[in-house]
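I opened this entry to keep track of what I looked up. I wanted the helices, the ligand and the confidence scores on one page.

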Amino acid sequence: MTTSNTGSPAGGIDPAVQEELTRLRDSIDNIDAAVVHMLAERFKCTQQVGRLKAEHRLPPADPAREARQIARLRALAEDAKLDPAFAEKFLNFIVAEVIRHHERIADDTLNGSARTGGRPRTPAPGE
Ligand SMILES: O=C(O)C(=O)C[C@]1(C(=O)O)C=C[C@@H](O)C=C1
């Protein structure tokens, strides 16, 4: 091709099409904002779970719980006409991040940096 693709036709976008696109993008922006807020709330809960697990020396990951969550979300996705494989991948992506947080909290709890307000603990002499 000799012309570059700028993403819009040379004569500009039909105003009716532009209006429809803007309307849909406004909804997408609202949905994305809701997703971010819901994820933030979910992470607030999982941070508390991470602290509880660390205090009681429980393992960061619970594969049996994850299996139940995946089965449930796959069924919900199917009902909602969302690809269940995508729903499973999305949950796994989030849970992997949660487990990383749990491991960090457990580490901080064991090493005492939680008592220093999250700052790295000063190592003892010879450490
Ligand atoms: O329910 C727990 O035990 C959690 O730690 C939360 C959570 C989750 O993000 O949903 C994360 C890790 C576990 O493997 C299972 C579930």
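**Helix 2 against helix 3**

I noted that helix 2 passes helix 3 in a right-handed crossing. The model is predicted, and I kept that in mind throughout.

Two packed helices are described by the angle between their axes and the distance between the axes. I looked up both here: the axes of helix 2 and helix 3 come within 8 Å, and they cross at roughly 140°.

Next I listed the residues that meet. Helix 2 brings E66, Q69, I70, L73, R74, A77 and E78. Helix 3 answers with P84, A87, E88, L91 and V95. By class, I found seven nonpolar, one polar and four charged residues in this contact.

**Helix 3 on its own**

I checked the length of helix 3. It has 28 residues and reaches 40 Å from its first C-alpha to its last, close to the 40 Å expected at 1.5 Å a residue. After helix 3 comes G112, and I read a positive phi for G112, near 85°.

**Around the ligand**

Which residues surround the ligand? I wrote down T46, V49, A61, D62, R65, E66, Q69, V95, V98, I99 and H102. Helix 1 (15–55), helix 2 (63–79) and helix 3 (84–111) are the elements that give two or more residues to this shell. Helix 3 gives the largest share, four residues. Sorted by class, the shell has five nonpolar, three polar and three charged residues.

I also saw that E66, Q69 and V95 are in the ligand's surroundings and in the contact of helix 2 with helix 3.

**Confidence**

The protein averages a pLDDT of 89, and 83% of the residues score at least 70. Over residues 117–124 I found pLDDT under 50; the model has seven contacts beyond four places in sequence for them. For the complex, the predictor gives an ipTM of 0.99 and a pTM of 0.83.

Definitions and conventions
Residues are numbered from 1 along each chain as its sequence is written. This is a predicted model: local features need pLDDT of at least 70, side-chain atom pairs count only at pLDDT 80 or more; totals for chains, interfaces and linings use all residues. A residue is near a molecule or strand if its C-beta atom, placed from the backbone, lies within 6 Å of it. Ala, Val, Leu, Ile, Met, Phe, Trp, Tyr, Cys and Pro count as nonpolar, Asp, Glu, Lys and Arg as charged, and the others, Gly among them, as polar. Axes are lines fitted to C-alpha atoms, for helices over the stretch in contact, and angles run from 0 to 180 degrees between N-to-C directions. A crossing is left-handed if the near helix is turned anticlockwise from the far one by less than a right angle, and right-handed if clockwise. Two residues are in contact if their C-beta atoms, placed from the backbone, lie within 7 Å. The expected span of a helix is 1.5 Å times one less than its number of residues. pLDDT is the predictor's confidence in each residue, from 0 to 100.
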